Every structure is written in structure tokens, then in C-alpha cells.
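Work through the following exercises with the sequence and the model open side by side. Each task is followed by a solution in steps.

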Amino acid sequence: MNIKQKIKQIFLLLLLMQINWAYAIRPYDATLEQTDSISRFMDLESVTIQAVRANERTPVSFSTMDKTEIQRLNTVTNIPVLLQLMPSVVATTENGTAMGNTSFRIRGVDASRINVTINGLPLNNPASQEVFWVNLPNLAGFLNSVQIQRGVGTSTNGSASFGASVNLETRKLSVEPSLDFSVTGGSFSTFGADLFVNSGLLDNGFFAEGKLSKINSDGYIRNGKTEQQSAYFSAGLVKPKHFLKFNYLYGDQKTGITWEGATLEQIEKDRRYNPSGYMYTDENGKDVYYNNETDNYFSHILQAFYVFTFSENWTFNAGFNYTNGFGYYERYRIDRRFAEFGLPTSIIVNGATIDRCNVVQQNLMSNDFYATNVNFLYSKNNLNVNIGGHYSYYDGNHFGELKWLQYSVNIPKDFEWFRNKFKRDEVSFFTKLDYTFLSKFNAFVDLQYRNINVDIRGNDNNLRRPHVLNFSENYSFFNPKVGFSFHPDMHQKLYISVSTASREPTRADIKEVLRSDWNEDVAKSRMVKPEYLTNYELGYQINKTQWAFGSNLYFMNYKDQLVPNGLVNESGYTLMDNIAKSYRLGLELIGGYQICKLLRIDANLTLSQNKIQDYLEIHAVYDNPVWWTLLRYDTTHITSGNLLYSPNVVGAGVLTYSPIQNLNIMLTGKYVGEQYFSNLSRPEDRLNAYFVSDFSVYYERSLKKGNGKFYVQGVVNNLFNKKYVNNGYFGGYFEDGTDNRFFVQAPIHFSIKLGIKL
């Protein structure tokens with residue numbers, strides 16, 4: 001029996017135990033006298049996220065999605081697509097649907113510079129500084145709320161919040177026992193099933209809950225298949241002054257490789273075309289593909305939280321996280337030189353000298369990530385103080401194995417041809433203070449210090465040009481933030497803030513310079529540097545019973561901003577360059593209006609300018625995209641260009657119709673303006689603007705017997721069957737042009753979920 005089968009059996013046992021707890025043990029006796037006690041229990045749990053979240057007094061721009069909104073938008077959806085209707089968010093997908101590899105940008109800032117926490121603990125992988133959402137299938141089904149702070153926001157834990165921060169909160173303590181089972185089906189052979197069990201709060205203060213989830217789909221483009229499983233288990237103990245909770249999240253995914261994209265010519269012939277895994281064309285003119293061109297990853301996340309109330313004014317909160325991950329991608333590669341794998345440069349086959357052949361390779365990684373947070377919160381009268389500390393350590397290994405070669409070269413089974421290690425540790429501290437004075441004014445001060453050590457050792461994966469990865473660096477950053485807010489009455493808020501952020505390069509940023517074709521002198525001059533940001537925010541909000549409106553003006557002034565240069569490496573990672581001077585200037589508008597009792601409209605619009613002011617681009621020119629023989633370097637000095645992947649207009653709208661109780665009908669729309677994916681801002685390196693609409697229905701009805709409920713949820717994506725592309729990349733400079741790639745999105749498709757709650 002393998003480890004995956006054992007894990008499944010353990011979770012099935014835990015769920016069966018919880019069903020027993022939920023229906024055989026007396027739940028918490030929630031009498032009227034005990035309502036205040038239950039409320040205090042809820043408040044204790046909220047402390048676990050209080051340190052990193054903004055509140056109505058905080059002078060930053062943020063939006064929050066609660067459990068009800070998540071439930072109505074989520075069928076089989078990864079987090080980026082779930083959040084795409086929020087202000088300034090642009091979601092992207094690789095296989096054309098909301099499953100598989102998905103990502104997002106906020107205000108044009110890519111995912112590696114967006115801090116993500118779950119229950120206040122860091123979720124970003126410290127090597128890439130990104131969250132790969134495909135590795136956490138159906139995470140949305142485990143969530144209670146999501147908050148996005150745009151811009152620098154408040155100090156948080158983990159990777160730098162360099163353009164936005166996203167805070168996820170898993171399910172909160174539920175007093176009553178419950179069971180929820182659902183199945184989902186949809187286009188492209190999509191099928192999913194979920195089982196959730198909650199014990200409720202027992203008389204002894206104990207609670208437990210768990211969820212199992214499975215999703216399979218073929219995806220839209222060829223080889224866009226997904227096979228995903230996940231599990232969530234939580235248990236804890238609540239006492240009047242103590243709160244203890246343990247979480248476990250498990251993710252297991254196998255997806256077809258989809259990160260190569262396709263050229264416009266290929267898309268015109270076949271919109272579902274994907275070159276990944278191509279082997280040869282047979283005698284009938286049919287392309288033959290390798291059947292295991294896949295990306296595979298599984299992870300275990302263990303979390304522990306403890307909250308203790310010293311007194312009415314002092315609260316202590318501590319959290320611990322351990323993440324273990326292992327994964328690999330397997331690829332069929334054509335005409336790879338023996339020298340790339342450290343093998344003899346040539347062999348004799350039937351009298352002929354051969355220096356290359358077809359291979360099947362696996363690029364593997366394993367990692368361990370430890371993180372802990374400690375917070376002291378003080379609150380009295382008009383003063384709130386939050387003092388926090390964070391420590392994390394990451395140990396990651398990257399290595400490669402040859403699974404098959406076209407010709408025998410007498411190597412052992414699973415021959416390992418490269419290995420390198422990446423280690424990173426971080427210590428950070430912050431102090432947040434907000435003080436209300438003259439009853440309507442609030443001052444906010446946030447001081448953060450971060451110290452990071454990075455170490456890379458080993459060999460890179462192409463040994464034809466030996467690249468010894470030998471790099472060690474220490475980064476220290478001080479990030480002050482200050483702001484004021486004015487509340488003329490209970491409905492209005494006016495705020496202003498100035499914040500700074502600093503960020504070190506990622507493992508890939510550093511590695512790609514170390515392994516580049518540049519000579520040693522050029523490489524030193526092109527080594528990526530830390531990037532710095534000063535963020536100014538000015539906003540106004542008003543919330544009335546029938547309508548609400550908010551506006552936020554932002555200016556993000558960068559020094560040495562690391563931005564995509566349009567290229568990607570062989571595993572789909574976007575390569576980065578420092579830009580000496582650049583900025584983002586924008587206006588965010590958010591509004592909602594209850595037209596009548598049955599009908600409501602909500603919308604947001606972001607108008608922005610995202611400009612390069614000083615950037616010397618040095619790009620290599622190759623002979624062609626097959627042989628990649630270096631010919632020369634060209635340089636271009638850019639003083640007035642467009643930042644990549646930064647549309648000037650982004651908007652979303654939601655029309656909600658509720659004709660009867662427990663029935664919600666939603667029509668949504670998302671507009672993304674044109675955007676460039678090369679720094680030269682050429683027309684051929686541009687993604688066209690697009691507008692896409694979805695239609696969804698959610699209905700819930702009580703069962704005739706008992707207290708249970710039946711619910712049905714249906715979603716029609718791309719309602720008007722638009723043919724559009726939402727992402728692409730610049731394929732490199734060649735003598736005869738470029739090799740740009742694009743990611744097409746699926747035409748109209750649907751999913752439907754049927755469930756029962758007890």
C-alpha cells in the first residue's frame with residue numbers, strides 16, 4: 001500500500017469519527033444565557049487573522065469576500081478565477097478553464113509579488129515567492145473569507161507584499177453539527193465530489209471538522225487534463241480564555257503540461273492545439289504525442305494556532321506552519337544533445353556519429369517549509385497596538401532524472417544528471433499602532449523589518465554549458481507605513497497613506513542570470529537586484545442602506561522594479577529584469593446599488609497608467625527557436641514604455657436578481673483592456689482587450705423532513721461564446737522574427753453542482 005492510499009484511509013476514518021461525534025455526542029447547549037460565551041469563542045478564533053488584516057479604520061484600499069459570496073461563485077474554481085470580479089484583479093488560465101494552472105495579477109503586479117497568507121501564516125513558496133493554486137485543489141471550498149489589500153497594504157508574514165496581499169481564512173468554528181455532500185458535473189468531462197462533516201461545538205469545548213474533495217476534467221486545450229484530490233481536517237479546543245486549533249490540508253494533483261501556449265498560426269488551425277508532448281507525424285499526417293506529458297505535485301500543510309487572553313486588554317496569538325511538498329514534471333524532448341545531461345558528447349550507432357537523441361526526462365523537486373508567527377495585541381480605549389514577529393526556514397531540492405533514451409549509453413536506471421539546492425530563512429518584526437482622536441480621526445503607523453538569507457548551490461539542468469550555481473546573499477529591509485483616516489459619520493471614510501515595500505529576487509530570477517549566455521562581466525552587471533516601492537493611497541468611501549460608493553487614487557513609484565521581460569524558461573516560469581525607474585498611477589472606483597428589493601447591481605472600474613521611465617534592455621538574438629544558437633546581443637534604451645501585463649482599463653460588474661427567498665440569479669461581466677507582453681510595446685506583442693460574461697444560479701430549499709437543505713448551483717461560463725485570449729508571452733528574438741505564444745480560453749461551457757446539507 002502506497003502513502004497516498006494510506007492518507008485516503010486515514011481521512012476516511014477521521015470523517016467517520018466526525019460523523020459519530022456530530023450525531024452521537026451532545027453538542028454545545030446554546031441557551032440564551034450562553035450566547036455571549038459563544039460570541040467570545042468566535043472572537044478568540046478571529047485573533048488568528050487579526051494581525052494581518054485591515055479593518056474599517058485602516059487607511060488602505062481593500063475588499064473582502066465572505067463565505068456566502070464564495071459559496072455562490074464556486075463550483076469547480078481555483079482561487080484566481082474566484083477572485084477575478086474583485087477590483088483590479090486579472091485572472092489567467094492555461095488550459096482555458098477555471099481548473100488546472102491558474103494565476104492572477106493585481107494592478108498589473110504578478111503573483112510572485114503578491115503576499116498570500118492562510119490564517120495569518122505564509123502560503124507563498126519561498127523559492128518562487130508565488131502560490132501555485134493547482135497544488136491546492138478546491139481550496140475555495142475550505143474558506144470562510146478572503147481579503148485583498150491592494151498596493152502595499154499593512155505588514156504581513158512571509159513574502160513581500162509588493163503589489164497586493166491576499167489573506168485567506170479557513171472555515172470558522174460552527175456551533176451546530178453538520179454534514180454537506182455535493183457532486184459537480186460539467187463540460188469537458190468535468191466531475192467532482194465533496195464531503196464535509198462538522199462535529200459542532202461539544203460541551204467540553206472540543207470541535208472537529210473535515211472535508212474530502214476530488215475533481216477530474218479534460219480541460220479545453222489538448223492535454224489540459226486535471227486529476228485533483230484534496231482534504232482538509234481541523235480540530236481544536238475552546239475555553240473562556242484559550243483557543244487551540246490544528247489544521248491539516250492535503251493536495252494531490254496531476255495535470256497535463258499546458259504552459260507552452262501556441263502561436264497564432266497554430267491557433268487559427270486548431271484553437272485547442274497544444275504542442276506539449278509532440279513526438280512525430282505518422283504516415284497519415286496525424287501528430288503523435290507522448291501520453292504522460294504531465295505535471296505532478298502533492299503537499300501536506302500542518303498548522304497549529306494558540307490564542308490566550310491575558311486580560312481585557314492583552315491577547316497573545318501564536319501560529320506554526322509546516323509544509324512538505326514533492327513534485328515533478330515529465331516531458332518527452334526531441335533531439336536533446338547528450339552533452340546537456342553530462343553524457344559523452346557523441347556515440348557511434350550503425351557506423352554513424354550521433355550527438356543527440358530523443359529522451360524522456362523528469363525534473364523533480366522536494367521541499368520543506370517551516371514558519372512561525374507570534375503576536376501580542378493590546379487594545380484600550382482609543383488605542384490598538386499589534387506587535388508581531390515571524391521566522392521561516394525553507395529547504396528545497398531540484399534535480400533531474402532520465403527515464404528513457406532513444407539510444408543506449410550505458411547509464412543506470414533513473415540516471416540523475418543535475419541537482420541543486422535552495423535554502424532561505426527569514427526573520428521579520430512589525431509593530432502596528434492605530435489611535436483614534438477627536439472621535440473622528442484615526443492615525444495609523446506600521447513599522448516592519450525583514451532580514452532574509454538566500455543560498456543556492458549545485459548545477460543547473462543544462463550541462464552542455466556548465467553552470468555552477470554558487471550564490472549566497474543577505475537582504476535587510478525596513479518598511480515604514482503611515483496613514484490617517486477621517487470618519488465624519490458612521491457612513492463615510494476618507495483616508496490617506498504612504499507605505500514602502502522592499503523585495504528580494506526569487507530563486508529563478510537569480511538562477512536564470514547565473515545560467516545565462518552572458519559572459520562573466522555582463523552577468524555581473526545584469527544580476528538582479530532587490531526592488532523598492534513607495535506607495536501613495538488616497539481614498540473615499542460611503543456606505544448607505546441602499547447604495548455604496550468608493551474611490552481610491554494610487555501612485556506606486558518603483559526603483560529597480562523586477563518585471564517580466566516577456567520570456568519564459570523551459571518550465572514556464574516568467575523571466576524578470578530590473579527596471580531602474582517605473583510607476584503605476586491609477587484610479588479605482590467601486591459601487592453598489594440596491595435597485596429594488598429583488599435586484600442589485602455592483603461594479604468596479606480601474607483606470608491606470610503603467611509606465612517604464614528608464615530601462616536598458618539587453619536581449620540575446622538567436623538563429624531560430626529550434627537550435628537556439630546565440631548570434632549577438634542587442635540593446636534598447638526605453639524611457640517611455642508600457643509595463644508588461646498591465647492593462648490601462650480593468651472592470652467588472654455583477655447583476656443579482658433574487659425573485660424568491662434562497663434563489664439568487666447572477667449575471668457577471670469582466671472587461672480587461674489591451675496589454676503588452678514585451679517591453680518594446682510593439683503591436684504584435686500585444687493581447688487584445690476582451691469582455692466575457694458568466695451566468696449563475698444558486699437555489700437552496702429546506703427538506704420536508706428534518707432540518708436539512710437541498711441546494712443546486714449552476715454556472716454558464718463565457719455566456720456569449722467569445723473567442724478570446726487572456727495571456728501570452730514573448731518567445732525570444734531570432735534572426736527571422738519572434739516566436740510569440742498565446743493561451744486561448746474555452747468557448748461557452750457549464751457546470752452544475754447538486755448538494756445536500758444536514
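Helices (H or I, at least four residues) and strands (E, at least two) are DSSP runs, numbered from the N terminus. The model is predicted: local features need pLDDT of at least 70, side-chain atom pairs count only at pLDDT 80 or more, and totals for chains, interfaces and linings use all residues. Residues are numbered from 1 along each chain as its sequence is written, and side-chain values use heavy atoms, with hydrogens and water left out.

**Exercise 1. The second largest pocket**

Task: state the volume of the second largest pocket, the elements that line it and the classes of its lining residues.

Solution. 

Step 1. The search runs on a 1 Å grid over the protein atoms alone: a cavity is a set of points where a 1.4 Å probe fits but cannot get out, a pocket is an open set with protein on both sides within 12 Å along at least five of seven lines, and lining residues have an atom within 4 Å of a point. Grid points are joined across faces, edges and corners, and a volume is the space filled by probe spheres set on the points.

Step 2. The second largest pocket holds about 1,200 Å³ of space. Its lining has 44 residues, and Thr64, Glu69, Ile590, Arg600 and Asp602 are the closest to the centre.

Step 3. At least two lining residues come from each of strand S1 (62–66), H3, strand S25 (531–543), S26, strand S27 (574–596), strand S28 (599–622), strand S31 (649–657) and S32.

Step 4. Ala, Val, Leu, Ile, Met, Phe, Trp, Tyr, Cys and Pro count as nonpolar, Asp, Glu, Lys and Arg as charged, and the others, Gly among them, as polar. On that division the pocket lining has 19 nonpolar, 17 polar and eight charged residues.

**Exercise 2. The second largest cavity**

Task: find the volume of the second largest cavity and the element that gives the most to its lining.

Solution. 

Step 1. Twelve cavities of 30 Å³ or more are found in the whole structure.

Step 2. The elements giving two or more residues include helix H3 (67–73), strand S32 (663–672) and strand S35 (690–702).

Step 3. S35 gives the most, with five residues. By class, the cavity lining comprises 19 nonpolar, 17 polar and three charged residues.

**Exercise 3. The nonpolar cores**

Task: locate the largest nonpolar core and list the contacts of Val166.

Solution. 

Step 1. A nonpolar core is a set of buried Ala, Val, Leu, Ile, Met, Phe, Trp, Tyr and Cys residues joined through side-chain atoms within 4.5 Å. Buried means under 20% relative accessible area, exposed over 50%, partly exposed in between (1.4 Å probe, protein chains only).

Step 2. The largest core has 36 residues, and Leu83, Leu123, Trp133, Leu139, Val166 and Leu168 have the most contacts inside it. Among the elements that give two or more residues to this core are strand S4 (114–118), strand S6 (143–150) and strand S7 (164–170).

Step 3. Contact means heavy atoms within 4.5 Å. Leaving aside neighbours within four places in sequence, Val166 is in contact with Leu83, Phe104, Ile106, Ile114, Asn115, Val116, Thr117, Val146, Gln147 and Ile148.

Step 4. A second, separate core has 20 residues, including Leu469, Tyr475, Met527 and Met576. Met576 lies in strand S27 and is buried, with a relative accessible area of 8%. Its C-alpha atom is 5.4 Å from that of Asn565, eleven residues apart along the chain.

**Exercise 4. Strand pairing**

Task: give the strand order of the five-strand open sheet, then describe the partners of S15.

Solution. 

Step 1. Two strands pair if DSSP finds at least two bridges between them. The open sheet has the order S1-S6-S7-S4-S5, with mixed pairing. Its edge strands, S1 and strand S5 (121–122), each pair on one side only.

Step 2. S4 and S7 run parallel and are joined by five bridges; Ile118 has Leu168 in S7 as its bridge partner.

Step 3. Strand S12 (residues 242–256) runs antiparallel to S15, with 15 bridges between them. S15 also pairs with strand S16 (residues 314–337) in the antiparallel sense, over 16 bridges, and Phe298 stands opposite Phe326 in S16. S15 and S16 form a hairpin with four residues between them.

Step 4. Twelve of the 16 residues of strand S15 (residues 294–309) are buried, so this strand is largely enclosed by the rest of the structure.
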